[in-house]
Amino acid sequence: MDTGSPQDTGPDASQGTTGAAGGEPVWIALPPGLLKMRRLLLVVWLGLITLAAGLLPGLLAGPAWAAFALPPLALLAWGWVMTERNWRSWRYAERADDLLISRGVLWREETVVPYGRMQLVEVTSGPVERHFGLASVQLHTAAAATDATIPGLDPAEAERLRDRLTELGEARSAGL
């Protein structure tokens, strides 16, 4: 079973249907723009740390002290790989009665948010997300522990999901 590659999206995914394999949900992966944004932030921050750790001691104390740049570079290489693994782990599925959100590389976490329990669905997009054409959907319920977020969606998909979840939430809560 694939763990959330971008090929998991399909025409049935936006309709909240289940797959043909005995009721399995249709998982929708996050777009690659989120991976690009996170990798850029990783390179910017660790690049600055590498320069500070290697260039300054190298200039002030001698070239041998420039070796302090190696740990941040190693961390950058490790972070590059782990960022992709984390991005691939995120996925969500719309089912008839609830929304599933799955994430995690070492510790898998799957959140189930029943439509009738949703109190607020909001779409947010900070300056960096807007630059990359991304938005996040945040779901609020009565229990703070079940609040859930789907990061890095295309803004049109985030708005579609917000509208659909709001509509389903209103329909389910009216029946309580």
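**Salt bridges and a covered strand**

At 1% relative accessibility, Glu-94 counts as buried in this predicted model.

Q: Which residue does Glu-94 meet in a salt bridge?
A: Arg-160; the N to O distance is 2.7 Å. Glu-94 sits in strand β2 (residues 91–94) and Arg-160 in helix α4 (residues 155–174), so the pair ties together parts that are 66 residues apart in sequence.

Q: And Arg-160, how accessible is that one?
A: Partly exposed, with a relative accessible area of 25%.

Q: Which residues do salt bridges with shared partners join into a network?
A: Glu-94, Glu-157, Arg-160 and Arg-164.

Q: How many salt bridges turn up in the whole structure?
A: Eight. One of them links Arg-39 and Glu-84, with the closest N and O atoms 3.0 Å apart. Arg-39 belongs to helix α1 (residues 32–61) and Glu-84 to helix α2 (residues 70–89), so this pair ties together parts that are 45 residues apart in sequence.

Q: Is Arg-39 buried or exposed?
A: Buried, at 14% relative accessibility. Glu-84 is partly exposed, at 25%.

Q: What about Glu-109, which side chain does it meet?
A: Arg-103, in a salt bridge of 2.6 Å, N to O. Arg-103 is buried at 18% relative accessibility, while Glu-109 is partly exposed at 40%.

Q: In what sense do β6 and β7 pair?
A: Antiparallel, over four bridges, with β6 spanning residues 135–141. Gln-138 has Thr-149 in β7 as its bridge partner.

Terms used
Residues numbered from 1 in each chain as written. Predicted model: local features only at pLDDT ≥ 70, side-chain atom pairs only at ≥ 80, totals over all residues. Heavy atoms only, no water. Pairing = 2+ DSSP bridges. Helix = DSSP H or I, 4+ residues; strand = E, 2+ residues; numbered from the N terminus. Salt bridge = Lys/Arg side-chain N within 4 Å of Asp/Glu carboxyl O. Buried < 20%, exposed > 50% of the residue type's maximum accessible area, 1.4 Å probe, protein only.
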